[in-house]
Amino acid sequence: SDLRKVSELVRYFLMNSEKGFPVRRSDVNKAVFSGNSPLSFSEIFQLASRRLKEVYGLEIVELSARSAKFYYLHNTLDPALLDKFVPTSSQEGPKRPLLITILTLIFMRNKKLVDSEMWLALKRLGIHKSQQDHKIFGNVQKCIDGFVKQLWVDN
């Protein structure tokens, strides 16, 4: 039934957003929309979006990258409420300054940053490409590869 498709889509988004990666529209189609349904993709998607917003405080945000559509869940709850009840991931928290630094470099260079320029700027901050045991970021290259997988940056 269509309500079942809505529930499957909500569950699919929740399960995949836990991994921290955007969800591809093509993957949503394969996982949830196999078979016939009287409602269209957009109708089921709107119902699932409404349920995610009302029940979980999450909003589906669409982005396009590399000629494909992706979705990620954006938390719309009050940050003060989140800080009170949801602890920050100990693995994710320390990596944020590196991400913010890279995003700032990209912004300052009119949204284009060559790999060599990024590493030169990071080297000035004591962060080296070959470092696998940085005291805060661990394996720096692996950390940046994670940002690419999460679509924060593009290589």
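## Salt bridges and helix packing

Mentor: Let me start with a pair: Asp115 and Lys129 make a salt bridge, and their closest N and O atoms are 3.9 Å apart. Keep in mind that this is a predicted model.

Trainee: How many residues apart are Asp115 and Lys129?
Mentor: Asp115 belongs to helix H6, residues 115–124. Lys129 sits in the loop between H6 and helix H7 (140–149), so the pair links distant parts of the chain, with a separation of 14 residues.

Trainee: Is Asp115 of that pair buried, partly exposed or exposed?
Mentor: The relative accessible area of Asp115 is 44%. Buried would need under 20% and exposed over 50%, so a value in between counts as partly exposed. Lys129, at 45%, is partly exposed, and Asp115 is likewise partly exposed.

Trainee: How many salt bridges does the count come to?
Mentor: The cut-off is a side-chain nitrogen of Lys or Arg within 4 Å of a carboxyl oxygen of Asp or Glu. Asp115 with Lys129 meets it at 3.9 Å, Lys69 with Glu62 at 3.7 Å, and Arg4 with Glu8 at 3.2 Å. The count is three.

Trainee: Which helix holds both Arg4 and Glu8?
Mentor: These two salt-bridge partners are four residues apart, about one turn of the helix. Both lie within residues 2–17, which is helix H1.

Trainee: Is Arg4 buried or exposed?
Mentor: Arg4 has a relative accessible area of 58%. The cut-off for exposed is over 50%, so Arg4 is exposed.

Trainee: What about Lys69 and Glu62, and which class does Glu62 fall into?
Mentor: Lys69 has a relative accessible area of 35% and is partly exposed. Glu62 has 43% relative accessibility, which makes Glu62 partly exposed.

Trainee: On to packing. Are H1 and H2 oblique or parallel to each other?
Mentor: H1 packs on helix H2 (residues 25–32) at an angle of about 135°, with the axes 10 Å apart. Roughly antiparallel needs over 145 degrees and roughly perpendicular stops at 115. The two helices are therefore oblique.

Trainee: How many charged residues are in the contact of H1 with H2?
Mentor: H1 passes H2 in a right-handed crossing. On the H1 side, the contact is made by Lys5, Glu8, Leu9, Tyr12 and Phe13, and on the H2 side by Asp27, Val28, Ala31 and Val32. By class, that gives six nonpolar, no polar and, for charged, three.

Trainee: Are H5 and H7 roughly parallel or roughly perpendicular?
Mentor: Helix H5 (residues 96–108) packs with H7 at about 65°, and their axes are 11 Å apart. The roughly perpendicular range runs from 65 to 115 degrees. H5 and H7 are therefore roughly perpendicular.

Trainee: And how many nonpolar residues does the contact of H5 with H7 have?
Mentor: The crossing of this pair, H5 and H7, is right-handed. H5 brings Leu98, Leu99 and Ile102, which meet Val140, Cys143, Ile144 and Phe147 of H7. The contact has no polar and no charged residues, and its nonpolar count is seven.

Trainee: Last one: how many strands does the protein have?
Mentor: Along the sequence the pattern reads α-β-α-α-β-β-α-α-α-α. That goes with seven helices, and the strand count is three.

Technical notes:
Residues numbered from 1 in each chain as written. Predicted model: local features only at pLDDT ≥ 70, side-chain atom pairs only at ≥ 80, totals over all residues. Heavy atoms only, no water. Buried < 20%, exposed > 50% of the residue type's maximum accessible area, 1.4 Å probe, protein only. Axes fitted to C-alpha atoms, helices over the stretch in contact; angles between N-to-C directions. Parallel < 35°, antiparallel > 145°, perpendicular 65-115°, else oblique. Left-handed = near helix turned anticlockwise from the far one by under 90°. Contact = heavy atoms within 4.5 Å. Nonpolar A, V, L, I, M, F, W, Y, C, P; charged D, E, K, R; others polar.
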